[in-house]
Amino acid sequence: MKYLRRIVMFFASRLFIICLIVGLMITVFYYAMNLSNIQIILKDGMASRAKYVMGMEDKKSNLEKYFLTVCLENDSLVLSVEQGTSPYTDYNVRGIDHRLDMGFFWVWPWENTVRLNIQEKIPRIDGRVKGTKADEVIAQKGAEAVYPPAWPDAEYRVLLTREKGQWKIKTLTPTNK
């Protein structure tokens with residue numbers, strides 16, 4: 001009886017350790033998967049938003065891959081494009097240097113929402129005023145208006161939600177710091 005108890009305890013302890021290791025591996029896998037998905041959605045979504053505002057992308061429907069419709073309807077930069085009041089309407093923008101900094105965040109495998117702070121910067125915009133508008137823009141804004149205006153650096157509080165297995169940006173709230 002003593003030997004049987006030892007054998008059972010030996011196998012039970014090994015099985016418990018194996019279950020702990022497998023559980024840890026599954027948790028790390030899902031954390032890494034969610035982390036990479038969220039980073040890709042944020043980086044590509046915010047870059048796509050900036051390109052849409054600057055006129056490099058024409059279709060607003062491309063933004064719906066990354067943003068919920070509610071977020072796009074409340075975004076002042078996206079609305080300025082639709083209203084024709086974007087500061088980039090008179091410019092041909094060919095390229096941008098988009099940078100996004102994210103803080104540390106943790107998301108459990110079973111969570112469907114994540115809140116985090118991001119900082120968006122576009123230090124360099126490659127473009128010039130449109131040929132037909134050049135004289136008019138230079139007369140109104142001066143010789144420096146040949147190049148597009150600088151993108152306003154911003155810090156946002158972002159809420160992402162997972163719907164049908166896909167992460168999307170639900171709210172994008174500017175923070176004043």
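**Close-up views of a sheet and its helix**

**View 1. Strands S2 and S3 sit side by side.** Strand S2 (residues 113–129) pairs with strand S3 (residues 154–163) in the antiparallel sense, and 8 bridges hold the count for this pairing. Keep in mind as you look around that this is a predicted model.

**View 2. The whole sheet comes into view.** How many strands form the open sheet? There are 4, in the order S1-S2-S3-S4, and their pairing is antiparallel. At the edges you will find strand S1 (91–102) and strand S4 (166–174), each of which pairs on one side only. From one strand to the next, the twist averages 40°.

**View 3. Strand S3 is mostly covered.** Is S3 mostly covered or mostly open? Of its 10 residues, 7 are buried, so S3 counts as mostly covered; buried here means under 20% relative accessible area. A handy rule for looking at any strand is that, when the strand is regular, side chains alternate between the two faces of the sheet.

View 4. S3 and S4 run antiparallel and are joined by 8 bridges.

View 5. Now zoom in on Lys164, in the loop between S3 and S4. Most residues other than glycine have a negative phi. Lys164 is not a glycine, yet its phi is positive, at about 55°. Is Lys164 buried or exposed? With a relative accessible area of 89%, Lys164 is exposed, because exposed means over 50%.

**View 6. Helix H1 lies across the sheet.** Which strands does H1 lie across? The helix lies across S1, S2, S3 and S4, and runs at about 150° to S1. Helix H1 spans residues 2–54, and Val22 is found in this helix.

View 7. Take Val22 as an example: its relative accessible area is 41%, so Val22 is partly exposed. Patch members need over 30% relative accessible area, which means that Val22, at 41%, passes this cut-off.

How values were computed:
Residues numbered from 1 in each chain as written. Predicted model: local features only at pLDDT ≥ 70, side-chain atom pairs only at ≥ 80, totals over all residues. Heavy atoms only, no water. Helix = DSSP H or I, 4+ residues; strand = E, 2+ residues; numbered from the N terminus. Buried < 20%, exposed > 50% of the residue type's maximum accessible area, 1.4 Å probe, protein only. Pairing = 2+ DSSP bridges. Axes fitted to C-alpha atoms, helices over the stretch in contact; angles between N-to-C directions. Contact = heavy atoms within 4.5 Å.
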